[in-house]
Amino acid sequence: MKPPPFGYHAPRSLGEALAALAAARDGKVLAGGQSLIPLLNMRLAAPAEIIDINRVAGLDTLEAGPAGVRVGALVRHARAERSAEAARVQPLLRLALRHVAHPAVRSRGTVVGSLAHADPAAELPAVLALLGGTVEAASVRGRRTIGAADFFAGPLESALAPDELAVAATFPALPPRTGAAFAEIARRHGDYALAGVAALVTVDEAGRPAAARAGYLGVAATPLVLDLDVSGGRAAAAADAAGRLDPETDIHASAEYRRHLAGVLTERVLHAAAGAARERG
Ligand code: FAD
């Protein structure tokens, strides 16, 4: 399959990239191309102009500090996954990235591209939503920071305006006495998940779960975040969470099966995240 014709731009600076995006009639950013190129080849997308950001200087920074992990637009999945500093500050990034496609796709695809693509079955949007992270957007009109709760507008739809480039995303650091876990079910390892969940559990001084929050993928049109009541134990919390989900039936799974998976996975991640929190002390 071949893509439809398009104009091609290969800017070398952010200013050039933003000017090209602003001037484009119907422009699309090309980052790792792991979602956009298949869409073009299958003729499911036909942008008039492609703005390839791979040569833009300054977009490949990965910084891990007390506030969190800031990932530039050209940081590939594989680099974020391997970063020990990023895993220390926010372990969910590595835990989730292991489930994103295959190593070959992860060596090229970008973290920010995955967020911009806004697939409701993708791992990283659910992680960013759970953590309350942010995306930094830039255009010739200026810069703005978009919270995850506002960023994911619908299936394959983000809050980015057509002339905006996502320059970076920040995944906030793990709070004290909190552990993280991630689990999903896919038919084959590397496929998009039928359902998945990321969780944060905070334990009290005695090591008992005191608060929990979960971020779901594959069960709604956008990533879904639920606060869970863990006072009655993790089985009850998981059953309650599953009952609050309203997934869709599609060719891959029925709504009922997805809800069931989400409940089972919730119980697992609550257990694992509480254990991780106790280990951190
Ligand atoms: P691109 O393909 O370059 O772009 C994707 C979209 O985002 C385009 O609309 C593009 O215009 C936009 N975009 C990209 N970067 C920016 C930016 N900085 N600013 C504004 N817009 C931008 N993903 C998963 O999450 N989970 C999976 O299990 C999974 N499995 C896969 C399996 C296969 C076989 C393949 C080929 C892909 C799979 N993917 C999966 C997708 C992969 O993770 C992509 O890398 C990711 O979705 C997009 O990142 P990218 O850099 O390749 O973006």
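The secondary structure of the protein comprises 11 helices and 14 strands, where helices (H or I, at least four residues) and strands (E, at least two) are DSSP runs numbered from the N terminus. This is a predicted model, in which local features need pLDDT of at least 70 and side-chain atom pairs count only at pLDDT 80 or more, whereas totals for chains, interfaces and linings use all residues. Residues are numbered from 1 along each chain as its sequence is written. The radius of gyration of the protein is 19 Å, close to the 19 Å that the globule rule gives for 281 residues, so the protein is as compact as a globular protein of that length; this radius is taken over C-alpha atoms, and the globule rule is 2.2 Å times the number of residues to the power 0.38.

**Overall dimensions and domains**

- Along its principal axes, the C-alpha trace of the protein spans about 60 × 45 × 30 Å.
- The domain assignment gives domain 1 (7–52), domain 2 (62–172) and domain 3 (178–280), with bounds that come from an automatic or database domain assignment.
- The C-alpha centres of domain 1 and domain 2 lie 19 Å apart, and the contact between these domains takes 13 residues from domain 1 and 16 residues from domain 2, two residues being in contact if their C-beta atoms, placed from the backbone, lie within 7 Å.
- On the side of domain 1 that touches domain 2, α1 (14–23) and β2 each supply at least two residues, and the largest share, 6 residues, comes from α1.
- The residues on that side of domain 1 divide into 8 nonpolar, 5 polar and no charged, where Ala, Val, Leu, Ile, Met, Phe, Trp, Tyr, Cys and Pro count as nonpolar, Asp, Glu, Lys and Arg as charged, and the others, Gly among them, as polar.

**Surroundings of the ligand**

- The ligand is surrounded by 28 residues, of which the closest are Gly-32, Gln-34, Gly-109, Gly-113 and Ala-122; a residue is near a molecule or strand if its C-beta atom, placed from the backbone, lies within 6 Å of it.
- Two or more residues of this shell are given by each of β2 (27–30), α2 (36–41), α7 (111–117) and β10 (165–172), and α7 provides the largest share, 5 residues.
- By residue class, the shell around the ligand holds 16 nonpolar, 9 polar and 3 charged residues.
- Domain 1 (7–52) and domain 2 (62–172) each contribute at least three residues to the shell around the ligand.

**The parallel sheet of three strands**

- An open sheet of 3 strands has the order β1-β3-β2 with parallel pairing, two strands being paired if DSSP finds at least two bridges between them.
- The edge strands of this sheet are β1 (7–9) and β2, each of which pairs on one side only, and neighbouring strands are turned by 25° against each other on average, direction ignored; axes here are lines fitted to C-alpha atoms, for helices over the stretch in contact, and angles run from 0 to 180 degrees between N-to-C directions.
- Strand β2 is joined to the parallel strand β3 (residues 49–52) by 4 bridges, and the bridge partner of Leu-30 in β3 is Asp-52.
- Strands β1 and β3 pair in the parallel sense over 3 bridges, with Ile-51 in β3 as the bridge partner of His-9.

**Antiparallel pairing around β6**

- Strand β6 (residues 134–139) pairs with strand β7 (residues 142–147) in the antiparallel sense over 6 bridges, and a hairpin joins β6 to β7 through 2 residues.

**The antiparallel sheet of four strands**

- A further open sheet, of 4 strands, has the order β11-β12-β13-β14 with antiparallel pairing; its edge strands, β11 (178–185) and β14 (224–228), each pair on one side only.
- Strand β13 (residues 209–217) pairs with β14 in the antiparallel sense over 5 bridges, and Arg-213 stands opposite Asp-227 in β14.
- Helix α8 (residues 123–131) lies across β12 (195–203), β13 and β14, and runs at about 145° to β13.
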